[in-house]
Amino acid sequence: MKSTIVSAIESDLLFRPGQSLHAQYYAIITLNQTILSGKEEDVSKKLLDIYFSLFAKLLAKPDPKKEDDVIKINQKGEIQGGGGPAGKAARRKAASKEKATAVEDDLREKMLSAVLTGVNRAVPYTNTSDESFEKHLDTLFQITHSSNFNTSIQALMLIQQLHGTHQSAVDRYYRTLYESLLDPRLLTSSKQALYLNLLFKSLRSDLNIQRVKAFTKRLLQVLSMHQPSFACGALYMLRELEGIFPTLTPFIDDPEANESDEEEEIFHD
């Protein structure tokens, strides 16, 4: 019965053409509250397929509507607008459009959060060693490299929840996360707090101390390029990690030894 209901929600609410975001949001909420068990692996797998499809759909860049590029002719045969200042109606239309865009973006963020919740609940009851799961991971890694930085963070958050159950993706995940530390888009991202939270969770659960040290050194090297708020958050995070990995203390408290400074200067005529 669960499988039938899930299929009906998928076809009638989630992927039906012209469906509103509100309807899709409440459909996702319904799905991620589904009670699962180890005897219903087919239902869990079906839910995961839906979640991954939704995740890729929500993070895909919408096709830009080039309404503004179309030349409009008024009743007098003149070009509408003409490059002059916008009138009251045009300003009201622009304000209304901006407000609608903000509401839609907020709703998309909620939908992404609901999808992540659903994935987190479905993964323990699903066999993640099949080929379809590999394809889902490949799609997520492609999103981290091809989308805007805020989108990449969302994709990395989903991979972070999954790589623990799929060891082949662990090294690939940490390599992608390490590369993101030097991404110039991080400097102006509005998701810096979310990024630091992801970084902390990833390093805290990493069993490779050498990799944690490499992350710590890279992070300390790039802090001088960031705003004080990000630098303070990063340093606080490193102090928390120091309680878990005591060997990080020299990286934070002691300057790096430079062999050239210890050598005596010798001048020759």
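Visitor: Why is Tyr-174 called buried?
Guide: This is a predicted model, and every value here is computed from it. Tyr-174 has a relative accessible area of 3%. Buried means under 20%, so Tyr-174 counts as buried.

Visitor: What makes the pair of Tyr-173 and Tyr-174 edge-to-face?
Guide: The ring centres of Tyr-173 and Tyr-174 are 5.2 Å apart, and the planes stand at 70 degrees. Rings pair if their centres lie within 6.5 Å, and planes over 60 degrees apart count as edge-to-face. Both conditions hold, so the pair of Tyr-173 and Tyr-174 is edge-to-face. Tyr-173 is itself buried, because its relative accessibility is 0% and the limit is under 20%.

Visitor: Why is the pair of Tyr-178 and Phe-215 called edge-to-face?
Guide: The centres of these two rings lie 5.3 Å apart, with planes at 85 degrees. That angle is over 60, so Tyr-178 and Phe-215 are edge-to-face as well. Tyr-178 belongs to helix 7 (residues 170–180) and Phe-215 to helix 9 (residues 209–222), so the pair ties together parts 37 residues apart in sequence. Ring pairs join Tyr-173, Tyr-174, Tyr-178 and Phe-215 into a cluster.

Visitor: How do you know whether Tyr-178 is buried, exposed or partly exposed?
Guide: Tyr-178 has a relative accessibility of 27%. Buried requires under 20% and exposed over 50%, so Tyr-178 counts as partly exposed. Phe-215, with a relative accessible area of 2%, is buried.

Visitor: Why are helix 1 and helix 3 called roughly parallel?
Guide: Helix 1 (residues 2–14) packs against helix 3 at an angle of about 15 degrees, and the axes are 9 Å apart. Angles under 35 degrees count as roughly parallel, so helix 1 is roughly parallel to helix 3. The contact involves residues of helix 1, among them Val-6 and Leu-14, and residues of helix 3, including Leu-47 and Ile-50. By kind, the residues of this contact divide into six nonpolar, two polar and four charged.

Visitor: What makes Ser-44 count as buried?
Guide: Ser-44, which sits in helix 3 (residues 41–59), has a relative accessible area of 0%. The limit for buried is under 20%, so Ser-44 is buried. Beyond four places in sequence, Ser-44 is in contact with Leu-36, Ala-122, Tyr-125 and Thr-126.

Visitor: Why does Gln-24 count as buried?
Guide: Gln-24, in helix 2 (residues 21–32), has 6% relative accessibility. That is under 20%, so Gln-24 counts as buried.

Terms used
Residues numbered from 1 in each chain as written. Predicted model: local features only at pLDDT ≥ 70, side-chain atom pairs only at ≥ 80, totals over all residues. Heavy atoms only, no water. Helix = DSSP H or I, 4+ residues; strand = E, 2+ residues; numbered from the N terminus. Buried < 20%, exposed > 50% of the residue type's maximum accessible area, 1.4 Å probe, protein only. Contact = heavy atoms within 4.5 Å. Axes fitted to C-alpha atoms, helices over the stretch in contact; angles between N-to-C directions. Parallel < 35°, antiparallel > 145°, perpendicular 65-115°, else oblique. Nonpolar A, V, L, I, M, F, W, Y, C, P; charged D, E, K, R; others polar. Phe/Tyr/Trp six-rings, centres within 6.5 Å; stacked < 30°, edge-to-face > 60°.
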